[in-house]
Amino acid sequence: MLPSASDYADVPRHWRSDVAAGATVGIVALPLALAFGISSGAGAAAGLVTAVIAGLVAAVFGGSNVQVSGPTGAMAVVLVPIVGDHGVAALAIVGIIAGVLLMVAGALRLGQLIGLVPWPVIAGFTAGIGMIIFLQQVPLVLGSADEVGTRPVVAAFHAVQHADWGAAAWALAAVAFVILLMLVVPLWNDRFPVSLLAIVLVTVIAELLNLPLARIGEIPSSLPVPTLPTIDPAVLQTLLTAALAVAALSAIESLLSARVAVDLSGDARYNPDRELVGQGMACMASGAFGGIPATGAIARTAVNVRAGGRTRLSVITHSLVLLGVIYLASGPVSRIPMAALAAVLMLTAVRMVPFREARTILRSTRSDAAVLLLTMVITVMVDLIEAVQFGIAVAAVFALRAVARTSGVRIEPIDSAPDPADARISVYRLTGSMFFGAAERVRSDVSAEGDVEVVILAFSQLRTLDATGANTLAEIVRALEKQGVTVLIKGVPSRHMALMRSVGVIDALRDRRHLFDEFPPALEHARSHVRRSAESRASESRAAGSTASVISAG
């Protein structure tokens, strides 16, 4: 869970490519850090500080060798309502509390739980975030200013409805120019930092022609002094709820990004629990320096790997490059037009939407398609964390329904030499999972009709059993025995025996000897029971006949 010398064992072999990759990622990360800082409501400087501090801390303490951390679009979306309700100062408190929660989650080894988030939920969540980021840029470009915290859909609609298209013409032209460059240049060289080139060109043109475009504004020329924020007890409970949402998002996005890094790099050395601890420390450090909560950034991580990054040195270099921007180029950066950053985010948002994955999911099953669409809609219209929670819940319901459909009970013919007694014996085989989702259907399917005297319940193909299922089995046995039907149980897996005994399934049998490991002894016992019952009925019939004869003779 802690840094060690082994983290840098490969640096002597890869340091050249790591330094080059780190410089590339730093150039790519600069416009994104500025844009996401503005998009969160904290300002461009906060985004830049976050990229430097959180990126450096996560690189040293995180669980991935090549993951790049910093401000992201998803986190910016979550932070906007917090800034609207409590102001920018609250972000430091939220970040520190969220960092503590992430460190606790890592210490409790909860990193593996990311595997429980279904693929349609992740795809719907990602698509929804992309849509939100795009919508957030519309008021920025059109010069509209709704109250901070207004839902992106509403703010974008108001911006279009009340736009002064004449005043917005230059901003729209800047957006079109940046997007055109970002689409055309990669056709010749897909490794060139085209977003930075586009922003530089727009900035130069805007300065030379003195265009009426809103600028980023002043950026500090040095890192702020780290301080601990003052916590107001009156709003602490509200901020705790916000911090929990931030921690959950940071965990989900960081672990997904680290998993992508493993797939891209082919390096399986990845510790999800240490990743949570590292991201927690990054959020705390960022908050202390006046930044915003950070997460692993999938796009920047992918750039790092594709540019040749193989060790933590590449991620550290990325932070040092951005630190150099703060100390050496804060003046030029402050003159960047906001419309240029908005254009970068718009195209980034569109590229975030997993069109191929969404198309595959929509063509798979109706339940997965429903989970994808519901998660996406709730992400855009309501809240990101609630969307993930709702998506997981809906996916779980559909999964349970699917399991229940593959579980059940069937009447099985007796596959042995025919015997007259078999006409009074029914064999029921339980398959799949006997749990709360399938218990009621099994109860309705097991019955003793006609002249059936013995029911054999075969459990050898029963994979899972919960308390509800076991209790239902006990009620089925009691009901059959109450009807005068003898129940025999065969082939209970050893892993289920303790539960069946504790719930009362075995006690519900007429005799403890009615429990069998194999089918032949159970069938023979059932046949002997039918024969004894037939002999008993014949004896009673003869006795009744003798009594009738005596009465008749008398």
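Me: What is leucine 34 in contact with, leaving aside its neighbours within four places in sequence?
Reply: Leucine 34 is in contact with Ala44, Leu48, Ile216, Ile219, Val333, Ile336 and Leu341. Contact means heavy atoms within 4.5 Å. This is a predicted model, where local features need pLDDT of at least 70, side-chain atom pairs count only at pLDDT 80 or more, and totals for chains, interfaces and linings use all residues. Numbering starts from 1 along each chain as its sequence is written, and side-chain values use heavy atoms, without hydrogens and water.

Me: Which residues touch the most other members of the largest nonpolar core?
Reply: Leu34, Ile216 and Leu384 do, out of 108 residues. Helix α9 (residues 233-265) gives the most to this core, 13 residues.

Me: What makes a set of residues a nonpolar core?
Reply: Its members are buried Ala, Val, Leu, Ile, Met, Phe, Trp, Tyr and Cys residues, joined through side-chain atoms within 4.5 Å. Buried means under 20% relative accessible area (1.4 Å probe, protein chains only).

Me: Why is α3 called oblique to α4?
Reply: Helix α3 (residues 73-86) and helix α4 (residues 90-107) pack at about 130°. Angles under 35 degrees count as roughly parallel, over 145 as roughly antiparallel, 65 to 115 as roughly perpendicular and the rest as oblique. Therefore α3 is oblique to α4.

Me: Which residues meet in α3 and α4?
Reply: Leu79, Ile82, Val83 and His86 in α3 meet Ala90, Leu91 and Val94 in α4.

Me: Why is α19 oblique to α20?
Reply: The axes of helix α19 (residues 467-482) and helix α20 (residues 494-503) cross at roughly 60°. That makes α19 oblique to α20.

How values were computed:
Axes fitted to C-alpha atoms, helices over the stretch in contact; angles between N-to-C directions. Helix = DSSP H or I, 4+ residues; strand = E, 2+ residues; numbered from the N terminus. Buried < 20%, exposed > 50% of the residue type's maximum accessible area, 1.4 Å probe, protein only.
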